[in-house]
Amino acid sequence: MTVIQIVVSIVLSLLVLTGISLMSRVRTAVAGNLLSAAAMLCGVVATLWFSGIVTAWTIYIGILVGALIGSLMASRAQMIQMPQLVALFNGLGGGASALVGVMTYMGWGMPAETAYPMFVRAAALIAVSIGMVTLVGSLVAAGKLHRLINQRPVVYPGHTLWTSLLIAATVILIVTGTLSIAHARLAWTLLAATAAFGYLFAIRVGGADMPITISLLNSLSGVAGAIAGMAVGDIFLVAVGGIVGASGLLLTQIMCRAMNRSLMAILLGTKPKAAKKQSPTPAATADKTPEGQATSFVPTDDIEKLLEQLNDMEVQQLLDAINALTREVAGLRSELAQYKLADNARVAESTDAPSEAPAAPTPASILSAAKEVIIVPGYGMALAQAQHIVKQLADKLEHRGANVRFAIHPVAGRMPGHMNVLLAEADIPYDKLYEMDAINDDFKRCDAVVVIGANDVLNPAARNAEGTPIYGMPVLAVDEAPEVIVCNYDLKPGYAGVQNPLYTRDKGVYLCLGDAKETLMNLINDIR
Amino acid sequence: MIHPLILVAVFVVCTVAGYFIIRSVPSLLHTPLMSGMNALSGVTLVGALTATGVALLLGETMWAQVCGGIAIVLATVNVFGGFGITHRMLRMFHKKKPS
């Protein structure tokens with residue numbers, strides 16, 4: 001490796017960093033992306049040149065095939081499929097790193113003698129491990145997001161034991177592989193072990209925790225690339241891999257904080273309820289929490305003792321049973337609430353029929369009069385594909401002189417920032433989209449809030465119901481608004497399984513249940 | 001070959017630099033950022049190209065060619081798909097600006 005090559009690598013790495021910093025503003029983001037891509041292209045060309053492999057014709061076929069598939073997928077995908085697409089691409093990158101690791105380890109395509117054979121072998125084997133975990137983990141994550149695999153966390157008997165065994169096996173294989181000379185069988189065994197680990201790790205994660213998992217896998221794919229780069233001895237690869245690793249880690253951190261979940265709890269597949277069970281153990285005082293919320297389950301000391309005597313499997317069964325019961329109770333409660341509300345609705349709040357009673361306020365009449373409106377979209381809106389109708393609603397209100405803003409919770413959607421992309425797809429200007437911290441104080445000053453397919457992210461229980469799974473999670477202060485119109489499919493608790501006390505508030509809450517597209521259309525038609 | 005310590009140092013420096021630069025990206029742009037990063041992680045293409053190219057020129061085993069070929073295809077899908085989709089997303093944000 002010559003000095004020129006090192007200089008070129010450093011310049012290209014700086015270009016990539018510049019490209020990323022340009023991505024911090026919408027105005028310059030497109031240019032930033034193109035700059036990164038251009039730097040990458042230069043990196044590839046430089047590699048071809050410096051390694052003296054311009055004449056190796058097979059590589060061009062590979063590039064052509066890959067470019068074709070990649071471009072096709074990129075141009076066909078819908079915005080709601082973004083999470084699984086990112087996960088999939090991510091996995092492919094990890095897989096490529098793993099293969100590079102295998103090749104380097106076996107000494108294929110390497111100069112015969114290297115000055116640091118042990119370092120190369122160690123780096124190669126670590127690249128194989130991380131790359132393979134990324135590949136299989138991402139494929140499982142993509143499968144779950146695409147609903148090819150059941151979204152619920154799957155836990156096999158002895159899951160934790162197997163996971164630990166696989167980690168131990170991986171470490172042993174890497175160490176022996178580093179110390180002895182290259183052996184094909186060892187490489188394949190390592191591939192198999194890490195693939196199994198990747199599967200076990202991803203299959204345990206539930207659908208709603210996917211934003212965190214994808215961020216983490218994104219980070220891992222970068223690290224895999226960087227370590228493969230160490231094995232090959234390529235500075236550019238190491239640098240860019242490091243940057244990607246850092247970004248994934250940062251996003252993982254942000255997501256964890258926004259969901260009030262610890263990374264370990266997610267990786268170990270502890271569901272929100274179970275996670276809570278472990279946390280209060282040191283402070284058993286948590287038992288004093290008002291248990292009016294029958295939806296949550298707080299163990300007493302006796303149960304703790306009992307749990308200690310059970311093995312993992314039995315604890316899991318017990319938890320499942322408790323969760324099932326909790327869900328049933330929650331279902332009954334929401335049914336009850338629905339009946340209660342249906343009664344109220346029959347009196348005044350029907351959105352279907354144009355109401356002839358001007359005396360009682362209807363959602364439409366409130367919106368007609370409102371000057372400051374905040375719309376809170378959630379993943380339910382995306383599932384109903386209602387973003388274009390939301391745009392119509394916003395346009396109509398603005399046309400009537402109201403100021404319409406959108407409040408975006410950090411975890412709305414299935415990956416970091418997903419909701420912003422979905423709304424941008426519907427031509428909603430991005431300067432109307434506000435982050436939670438920027439808009440939370442304005443809820444009490446606005447005239448009306450329209451909630452569309454969101455639940456957990458605005459559940460006031462997170463602020464005041466100690467002991468519930470979402471307690472402590474930052475939420476949108478929708479409950480401070482004077483008038484709240486909820487356009488959700490039903491009143492069932494969200495993923496966290498906690499009842500939303502907002503729905504049963506006496507005053508100023510209007511529920512338009514059903515498919516968001518229809519309810520919003522009715523709402524738009526009724527606004528006069 | 002570059003000294004391993006230099007490589008590790010480059011990794012550490014870039015990780016720290018990346019961390020601080022990325023912190024300034026607003027959550028509005030997190031999805032494009034992530035898919036852009038994702039595309040960048042396909043940089044492993046560089047490694048795949050080197051290994052495969054050299055293997056071909058040295059006339060190594062079939063396995064080397066197969067492994068390398070697959071690695072190149074996977075990495076290129078990652079790169080093209082990632083940058084393509086990021087571009088599409090950012091354009092969606094962009095076109096609203098004139099309004």
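What percentage of the contacts in chain B between residues at least 6 apart in sequence join residues at least 24 apart? The points below begin with that chain and then move to chain A.

1. Chain B, contacts along the sequence. This is a predicted model, and the values that follow are computed from it. Among chain B contacts between residues at least 6 apart in sequence, 67% join residues at least 24 apart. Chain B holds four helices and zero strands, and its pattern along the sequence reads α-α-α-α.

2. Chain B, overall form. The radius of gyration of chain B is 18 Å, whereas the globule rule gives 13 Å for 99 residues, so chain B is more spread out than a compact globule. Its C-alpha trace spans about 60 × 30 × 15 Å along the principal axes. Of the 99 residues of chain B, 66% count as buried.

3. The contact between the chains. On one side there are 81 residues of chain B, and they are in contact with 99 residues of chain A. Four helices of chain B, namely α1 (4–22), α2 (30–41), α3 (44–58) and α4 (62–94), each supply at least two residues of the side that touches chain A. The largest share of that side, 30 residues, comes from α4(B). Sorted by class, the side of chain B that touches chain A has 48 nonpolar, 28 polar and five charged residues.

4. Chain A in outline. Chain A has 20 helices and six strands. Its domain assignment gives domain 1 (1–76), domain 2 (91–267) and domain 3 (329–526). The centres of domain 1 and domain 3 of chain A, taken over C-alpha atoms, are separated by 44 Å. Of the 528 residues of chain A, 50% count as buried. Among the contacts in chain A with a separation of 6 or more, 78% are accounted for by residues 24 or more positions apart.

5. The largest nonpolar core. This core has 204 residues, and A:Ala127, A:Val449 and A:Val451 touch the most other members. Helix α5 (residues 117–145) of chain A gives the largest share of the core, 19 residues. As background, nonpolar side chains in soluble globular proteins tend to be buried together. Which residues does A:Val451 contact, leaving aside its neighbours within four places in sequence? They are A:Val376, A:Leu458, A:Val478, A:Val484, A:Ile485, A:Val486, A:Cys487 and A:Asn488.

6. Parallel strands in chain A. Strand β1 (residues 372–377) and strand β2 (residues 403–408) of chain A run parallel and are joined by four bridges. Within this pairing, A:Val373 stands opposite A:Val404 in β2(A). β2(A) also pairs with strand β3 (residues 433–435) of chain A, in the parallel sense and over three bridges. Here the bridge partner of A:Ala407 is A:Tyr434 in β3(A).

7. A:Ile389. This residue lies in helix α16 (residues 387–399) of chain A. Is A:Ile389 buried or exposed? A:Ile389 counts as buried because it has 22 C-beta neighbours inside 10 Å, and the cut-off for buried is 20 or more. Not counting residues up to four places away in sequence, A:Ile389 touches A:Lys517, A:Leu520 and A:Met521. A:Gln84 is 305 residues apart from A:Ile389 along the chain, and 25 Å separate their C-alpha atoms.

8. Helix α17 of chain A. Helix α17 (residues 418–425) of chain A is mostly covered, with eight of its eight residues buried. Among them are A:His418, A:Asn420 and A:Glu425, along with A:Val421 and A:Leu422. Just after α17(A) comes A:Asp427, with a positive phi of about 65°.

9. Two residues with positive phi. Most residues other than glycine have a negative phi. A:Asp427 is not a glycine, yet its phi is positive, about 65°. A:Asp427 lies in the loop between α17 and β3 of chain A. It is partly exposed because 14 other C-beta atoms lie within 10 Å. A:Arg147 also is not a glycine and has a positive phi of about 65°. A:Arg147 lies in the loop between α5 and α6 (159–179) of chain A. With 10 C-beta neighbours inside 10 Å, A:Arg147 counts as exposed.

Technical notes. Residues are numbered from 1 along each chain as its sequence is written. Chains are lettered from A and ligands numbered from 1 in the order in which they are written. This is a predicted model: local features need pLDDT of at least 70, side-chain atom pairs count only at pLDDT 80 or more; totals for chains, interfaces and linings use all residues. Two residues are in contact if their C-beta atoms, placed from the backbone, lie within 7 Å. Ala, Val, Leu, Ile, Met, Phe, Trp, Tyr, Cys and Pro count as nonpolar, Asp, Glu, Lys and Arg as charged, and the others, Gly among them, as polar. A nonpolar core is a set of buried Ala, Val, Leu, Ile, Met, Phe, Trp, Tyr and Cys residues joined through C-beta atoms within 7 Å. A residue is buried if 20 or more other C-beta atoms lie within 10 Å of its own, exposed if 12 or fewer, and partly exposed in between; C-beta atoms are placed from the backbone. The radius of gyration is taken over C-alpha atoms; the globule rule is 2.2 Å times the number of residues to the power 0.38. Domain bounds come from an automatic or database domain assignment. Two strands pair if DSSP finds at least two bridges between them.
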